[in-house]
Structure formats: C-alpha cells, structure tokens
Amino acid sequence: MSTPSTALPFPTAASTIQGAGSAADITARMDRLPVTRSAWILVLLISLGGFFEIYDLVFTGYIAPGMVKSGLLSTTTAHFFGSQGIGAFIAATFAGLFVGTFFLGFLPDRYGRRAIFTVSLLWYSVGSAIMACQTSSEGLLLWRFLTGIGVGIEIVTIDSYITEIVPQHMRGRAMALNQAAMFMAAPSAAILSWWLVPLSPYGIDGWRWVVAIGSVGAVLVWFVRRSVPESPRWLAQKGRFGEAEAAMQRIEARAQADSGKPLPVPQPVEEEIREARASYRELWQQPYRSRFLMLVVFNFFQAIAFYGFANWVPTLLIAQGITVTKSLLYSFIIAFASPIGPMLVMTVADKIQRKWLIVGAAGAVVVFGIAFSQMRDPLPLTVLGILISLCGSMISVNYHAYQTELFPTRIRCLAVGIVYSSSRAGAMLSGFLIAFFLRDFGVTGVFAGITCAMLAVMSSIGFFGPRTNGIRLEELSR
C-alpha cells in the first residue's frame, strides 16, 4: 500500500470543521466516502484474522466426539460442573474469552486497534499449537482457557475497527461481509473434522490435526494483515493528528482512485469529547448506562442459545439416532449456512433497522428449534439445522454491528469488551446447561432451554434497543 506524495484535492471545508486530522474532521471525511472496492478489500483484510477466531470457536463442537473417543473427555458427567466432560471443555473456552473481553478489552482503546489484534492473533496461534499437544484433560482445559483469552481480545478489536473504518451508510454491509468471511470458518472446521476426527493420521488423533491446522493458518494471515492501517478515528481521538491525517489521506486516495471522480464535500460534525484514557465510570452515565445494561442481558442469553446449538450440533444429531460419522457429515452441511446468513443480510443490512432483524431472526430460531427437537429422520434434521444456523448467523451479523455503534470511540472497545464478557459467561454456562438438559430431558429439553433464552433476547433488544441505521457514530454517542 503506497502513500501518495501529495495531499488529495478534497474540499477545504474538510479542514475548517476542527482542523485537518482532528476527530471531527476525520469523522466528516470518513462518512462522506463512497462505497468502493478498496473499502471492501480493507474490511476483508481485517476479517481474515477473525476467520481463525471463529474457526477456533466453531471446532469446539466438531472435535468433541474425537476427544471423547480418545478418552480425554466424556459426553456428560455425573455432576453438573464435572471437569471431565465436553461441558468443561466448552466452559474453559468461554472462561478464557470472558477474561480476554472483560479484563483486557480496554487494550485496543489504549494501544490501538491494529497493534492489539496482531498480538492477539499470534497469542491464539501459540496457544492452539500447545493445546493440540496435550495428553491430559487438565492440560487440555488449561491451554483451552489461555487460548480463549487471545481470541476474546481479537473479536472485540475487529468489531470496533470495522465500525470506525467505513462510512456510516456502509456499516451494516461492512459487518455483514466481515461476518461472512469469518463464518467461512464454520464449514472449513466442519469438513476438516468430518475428514480427520474419525482417523489418526501418522498415529496422531484427528482432532489434534484440526486444532493444529488453525494454528498454522493464523500465523500466515498475520503477514497479510501487516498492511492494514490504524483507525484514523482512534488516532485523532488520541490527539495523534498528524498520523490520523496521513492515514485518512491514504484511504481517501484509494477511494478517489476507485470512484474516478472527486469525493463529495464533507458535512460538518460535532467534535467528540477527547479523553486521555477510557473510563469504566463513563459506562454508568446516560445514555450509555441503559444501553450497557441492555446489551449485558442480550449478550448473556444470546450466547446460551447460539452456542447451545452451534457447539452441540454433532452431539445433538447423535442423540437423535445419527451415527458419529454421519453426524459430522450433516454438521458440515449445516455449517455452510453460517456464511450464507451474512451474505443475505448484506442485501438489507442498511435498509432495515438492525434491532428488528435481530428480533425476527431470534423468533425464527425458536420455531425451527422446536421442530428440530421432534424430528428423527436425517433430511428434516439437516434442513432445520441449516435454518437454525442461518438465523443464528443473521443475529450475529446484526448485533456485532449494533453494539459497537452505541458507544463513542474513546470507550468503544472497553464497553464492547465488557458486554461481550457477559456473552462469554453465558456461553460458558451453556456447556453445562446443555449437558444437563440433554442428560435429563433429551433434545426436547435442550430446545426448551434455547427457546427461553431467545425470548429474553427478543425482549431486551425489542423493548430497550435504540435505532442506529444511517446515524453517525458521534450522533449516537450524544
């Protein structure tokens, strides 16, 4: 990516809002940009790293039968919080994610989006490689927990970065592309698991190969992402106006080259408050307090519902009478719905309010989930599984964009990290809850629990969530 030798001929009005490179100037110039090829490439580059984070989350359910077969874990345990079962492995994953999002979510606000997601990606790669070598359930759970910390920071950073790096009229579609690219990891993890988990290539358990492949791939993507620039909004918010101006000019140069015509005149925008550090205290001031509490409730229950299905698809299919090998094959087919959902959302993401897309998709999960619990034949089970996965990914696309819009740049990663942590707590609990429901009430009980969680999701967003589509981030922050 080359830097132009001269400044762009954008209108001088851009510099009179608060001065070139200031936060208000950057916002005005960013939001007037057209949707161009270079903008989509930038979103895609940021998303490539997230691919392996989703790969890591998704393979949890697919490799579980392999870990049970190898004797490291069991499907269910005698005690609710048993440490030898699949539920404990899922819990360790999300315990690490909780620590990463709750305690370390402030790092991108302090040190920058680009620096932190690069470090966290390498953290994930090293942790996964070591986890693949563990031979005891204790070692497996420990390294699963440590790897989850890096994954937690990464996802928070990606969401905030994409929200800041694209114009307001593109935010929904940009997040949809991001999620589509990231969720391509779902069928990738599924097909690798279907192929490798039943086998032991070179005498090594197949599930270990699935984990190791993700570790190596993440290192390769790190080299690609070195070309991604820092967020101009973040630089300006930190008072690094020269760097913000240089980054903004590079983005404008590419946009103008792609469009082949002068960029539109920036519209004045109110300057966002600049503070040296993000403050937890600010989250308890309006308008952020009500948004913060609403998102904490939403994240907790959506995670129970989403991961209650996604991490247990092969096991639920087995419980419905499908063999291990065929359950992995059907899970692979179901997983293909994950990237399709975001692609469908791209057609309506900036036209229909995100809050209503979330509510509608959650209601559909309830209907399809109840039907899934009553089926025994492979074909209807697979079709309903695809529909549930499709709706789940649609929820994911919209809430990832939605919650980053509700907080200002200075505390965006901090706020998103904390509300994300409630989803990690919910997902951590989901492993034990689903194991309990499956053991005592079967698949019908599992989806009764998922239904209750989705009703809480619909109520929290439907009644208390503000509208965000087409509104500047700075206006939403006032």
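Predicted model: local features only at pLDDT ≥ 70, side-chain atom pairs only at ≥ 80, totals over all residues.
Let me start in the loop between helix H9 (185-196) and helix H10 (206-225), where we find Tyr-202; helices here are DSSP runs of H or I with at least four residues, numbered from the N terminus. Tyr-202 is exposed, with a relative accessible area of 78%, where exposed means over 50% relative accessible area, buried means under 20%, and partly exposed is what lies in between, using a 1.4 Å probe and protein chains only. Although Tyr-202 is not a glycine, its phi is positive, at about 55 degrees. Most residues other than glycine have a negative phi, and most peptide bonds are trans.

Residues are numbered from 1 along each chain as its sequence is written, and side-chain values use heavy atoms, with hydrogens and water left out.

Pro-287 sits in the loop between helix H12 (241-259) and helix H13 (288-310).

Now to the packing of helices. How do helix H18 and helix H19 pack? Helix H18, residues 378-405, and helix H19, residues 412-464, have axes 9 Å apart and an angle of about 160 degrees; the axes are lines fitted to C-alpha atoms, for helices over the stretch in contact, and angles run from 0 to 180 degrees between N-to-C directions. That angle makes H18 roughly antiparallel to H19, since angles over 145 degrees count as roughly antiparallel, those under 35 as roughly parallel, 65 to 115 as roughly perpendicular, and the rest as oblique.

On the H18 side the contact includes Ile-388, Ile-395 and Tyr-399, and on the H19 side it includes Val-416, Phe-447 and Met-454, where contact means heavy atoms within 4.5 Å. Sorted by class, this contact of H18 with H19 has 10 nonpolar, three polar and one charged residues; Ala, Val, Leu, Ile, Met, Phe, Trp, Tyr, Cys and Pro count as nonpolar, Asp, Glu, Lys and Arg as charged, and the others, Gly among them, as polar.

Ile-395 and Phe-447 come up again in the largest nonpolar core, which has 133 residues, and they are listed with Ile-46, Ile-63, Leu-316 and Phe-372 as those with the most contacts inside it. Such a core is a set of buried Ala, Val, Leu, Ile, Met, Phe, Trp, Tyr and Cys residues joined through side-chain atoms within 4.5 Å. The largest share of this core, 21 residues, comes from H19. If we leave aside neighbours within four places in sequence, Phe-372 is in contact with several residues, among them Leu-316, Ile-388, Val-443 and Phe-447.

Helix H8 gives us two further pairs to look at. With helix H16, residues 337-345, helix H8, residues 171-183, packs at an angle of about 165 degrees, and the axes are 7 Å apart. H8 and H16 are therefore roughly antiparallel to each other, and the crossing in which H8 passes H16 is left-handed. Here Ala-176, Gln-179, Ala-180 and Phe-183 of H8 meet Ser-338, Pro-339, Pro-342, Met-343 and Val-345 of H16, and these residues divide into seven nonpolar, two polar and no charged.

With helix H3, residues 37-69, the axis of H8 comes within 7 Å and the two cross at roughly 40 degrees, and that makes H3 oblique to H8. This time the crossing is right-handed, and among the residues that meet are Trp-40 and Phe-51 in H3 and Arg-173 and Phe-183 in H8.

I will finish with some single residues.

Conventions:
Left-handed = near helix turned anticlockwise from the far one by under 90°.
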